[in-house]
2 protein chains.
Amino acid sequence: MTSDAILADLSVVEVSAFVAAPMGGMTLAQMGAEVIRIDPIGGNIDHGRWPLAPNGNSLYWASLNKGKRSVCLALNTPEGREIATALITRPGEGNGILLTNLPASGWMSHAALSAKRADLIMLKLTGNHDGSGAVDYTVNCASGFPMATGTGGDPVNHVLPAWDVAAGLYLSTGLLAAERARRRDGQGREVTLALSDVMLATVANLGYVADVQVNGAVRPPLGNDLYGAYGKDFPTRDGRRIMIAAISGRQWKAIGKATGLSEKIAMIGPMLDVDLDDEGGRFEARHAISAVLAPWFAKRTLAEITTAFEGSGILWGPYQDFGQLVREDARCSTANPMFADIDQPGIGRLLAPAIPLSFGGPAVRLPPVPAPRLGEHTDMVLAERLGLTMSAIGKLHDAGIVAGAKDH
Amino acid sequence: MTSDAILADLSVVEVSAFVAAPMGGMTLAQMGAEVIRIDPIGGNIDHGRWPLAPNGNSLYWASLNKGKRSVCLALNTPEGREIATALITRPGEGNGILLTNLPASGWMSHAALSAKRADLIMLKLTGNHDGSGAVDYTVNCASGFPMATGTGGDPVNHVLPAWDVAAGLYLSTGLLAAERARRRDGQGREVTLALSDVMLATVANLGYVADVQVNGAVRPPLGNDLYGAYGKDFPTRDGRRIMIAAISGRQWKAIGKATGLSEKIAMIGPMLDVDLDDEGGRFEARHAISAVLAPWFAKRTLAEITTAFEGSGILWGPYQDFGQLVREDARCSTANPMFADIDQPGIGRLLAPAIPLSFGGPAVRLPPVPAPRLGEHTDMVLAERLGLTMSAIGKLHDAGIVAGAKDH
């Protein structure tokens, strides 16, 4: 990777599947780290995950593994494991780092790997803290959020795999923290993260555990209303829908001003004996506020609302499905410096994001890089990182120990 | 902080409100960094955010600011700003780092601060990449997810502020990456992150943008069903509800085995002409699979299901509201090494999480630390970090430039 990249001279081996660990690795790759994803020959269990392109290639896999190097090894053979071990434990200050969410036992255990490199950093994602299995779906149901989502009745699962995404970013944070510590004290570390701990910590960090403990309160479902302040969704005249939110006093006053409804809204305070200058008062009076606002939105199209709210300081946005997001939202296009068009092998032209962090202007944000084809970098990595000769690599191919892109 | 902490000798100044930036800072504090949160006297706009304790103290604020130092300054005075600037730009290798989600103009602009310390690292969270405002609610509505959540009809907002949580963890990742780079090249950086870019990148990273571009497909709402594999929620005999998921072939076979329904399920393949050995086939046949499984769950209590699934390798979990999570789930208790009871000033005894990352066993995971009282560390930080005398600090108090905990 380019030497002026933010994470130049950091090299991570990833043995992973699905969302969390691949996203952790991709985040590092997007800042210029070398991330070598090792898969079994033929690909790991996530290689065919939906959504798929018409030719069967996974859009999911391609989207979650951008900018990595792909190496395919027969991990069910001693020789394949030996090569994997050599890649994970190879010398060098920024090397010796493994990121995995697969069962890390046997050759891939911390004990076995740290015997080869004492200062190994190993990040291991598990389902639960006792090592038992869990995935986003089975963690989320227990979180309390599905019972507080929607308008009541049956619980509603989120569709965004939010715990996986958060876990991936805890992994990137934890990896950089452990590597910083290693440069200070020379010590390797076995860093573990349980997906359900990410959920539990987050529920507690947002105050929901304390609310139960202190108040015996369980937050009920409120539909699309904000909790503890004013915010709600409204249908528009042209069949669209918008979300509006006010947390600060300034944001709240902007709503009355831009809609011309300040005076009518002001009648609600004395009518319901609430203080509308207080966010809690606005929450209590939310149904009355919404009753005053609803006709204003119902009489206007999304375009008219957009014009009326321009420069008003109101926090609002339109609802969009994924299609409308891609086709109508300028933020989801190359007009946004985070995005660029890439040619994704096996799929074609795609709009792809860089990392959302910009390190001081576009010049130091690496442009998005396609995902590799499975095994694309097997030969290159074995030659450059392990110093194997082309003849030795050829023999490994012949023996079925390694595979390249053309073998898949 | 203890010198053997993972992030020993890292000191960050945070000027923030609400979820994302405070969570980024707390994540660093939980690994042993010194995080000095500067607030205006009386607290920032998030200091009274719901949920509240009966005495009006914010459980939300206390939960999101654990382990930080609180300094209160009259930021509307030149003297208050001068002290803030001195704290942000003070010399030292691990210092000179600002994390903020407030409008960073004037004295808090990168230009003004980097004039005082050329290698300043400044992380700045904005709503949109053009600097305009957005919050989790108004970003989420545009993401496509609310339109794909639930069973169709009106869009359903998530209740977890998922974009804020992800943004907080991008900030902790980005801060450590920028600090690593500064140690290599001596350069400061202005690191920017837009909340809506976190959303856009994530939607794209999960393959939804590619699905629209390549297939013209917009994923429809599927209730609580998994997409592209088998998973669904079921009511139990005792009025509870569980979620079950199978992604790997092993997980799928475990369901038939543990319920004794393998043979009936096997009839579905030829009946619907689908291959149940393929996750996509199981998705297509999901309604028939659910029809076979539903009576099994309806006849059993949650306790009976728990017993039947013990050691089966099935991925499943119960739905819980926040109260059930706190009262019934052993993972949400001090039986989980991530949690400990703390005495939170102004609130009382609380179950609090450490960071979910464990750096090689409980010994190197710092136990949870309460949030500060507002202004609790004003005098200490001014004395220890800026070398002010007690007499000078006393004068600042008298002049209303600084405030301590007893002043609030």
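**Notes on a predicted model: charges and symmetry**

1. Arg183(B) counts as partly exposed, at 29% relative accessibility. Its salt-bridge partner is Glu179(B), with the closest N and O atoms 2.8 Å apart. Glu179(B) is buried, at 1% relative accessibility. The model is predicted.

2. One network of salt bridges with shared partners takes in Asp154(A), Asp225(B), Lys232(B), Asp233(B), Arg241(B) and Arg286(B). Over all chains, the structure holds 47 salt bridges.

3. Glu14(B) and Lys68(B) form another salt bridge, their closest N and O atoms 2.9 Å apart. This pair links distant parts of the chain, 54 residues apart. Glu14(B) belongs to strand β1 (residues 11–15) of chain B, and Lys68(B) to the loop between α2 (59–64) and β3 (69–73). Glu14(B) is buried at 0% relative accessible area. Lys68(B) is buried too, at 3%.

4. In chain A, the side chains of Lys232(A) and Asp233(A) meet in a salt bridge (3.6 Å, N to O). Lys232(A) is partly exposed, at 23%. Asp233(A) is buried, at 4%.

5. Where does negative charge gather on the surface? Asp275(A), Asp277(A), Asp278(A) and Glu284(A) form such a patch. Glu284(A) lies in helix α12 (residues 279–284) of chain A. Its relative accessible area is 54%, so Glu284(A) is exposed.

6. Chain B superposes on chain A by a rotation of 180 degrees with 0.0 Å of shift along the axis (RMSD 0.0 Å). That is the relation of a two-fold axis. In chain B, Thr173(B) has the C-alpha nearest the axis, 2.2 Å from it.

Notes. Residues are numbered from 1 along each chain as its sequence is written. Chains are lettered from A and ligands numbered from 1 in the order in which they are written. This is a predicted model: local features need pLDDT of at least 70, side-chain atom pairs count only at pLDDT 80 or more; totals for chains, interfaces and linings use all residues. Side-chain values use heavy atoms; hydrogens and water are left out. Patches are made of residues with over 30% relative accessible area and no salt bridge: like charges are joined within 9 Å, nonpolar side chains (Val, Leu, Ile, Met, Phe, Trp, Tyr) within 5 Å. Accessible areas come from the Shrake-Rupley method with a 1.4 Å probe; for residues, only the protein chains shown count as cover. A salt bridge is a side-chain nitrogen of Lys or Arg within 4 Å of a carboxyl oxygen of Asp or Glu. Lys and Arg count as positive and Asp and Glu as negative; His and the chain ends are not counted. The place of a charge is taken as NZ of Lys, CZ of Arg, CG of Asp or CD of Glu. Helices (H or I, at least four residues) and strands (E, at least two) are DSSP runs, numbered from the N terminus. Buried means under 20% relative accessible area, exposed over 50%, partly exposed in between (1.4 Å probe, protein chains only). Copies are superposed by least squares on the C-alpha atoms of residues with pLDDT of at least 70 in both.
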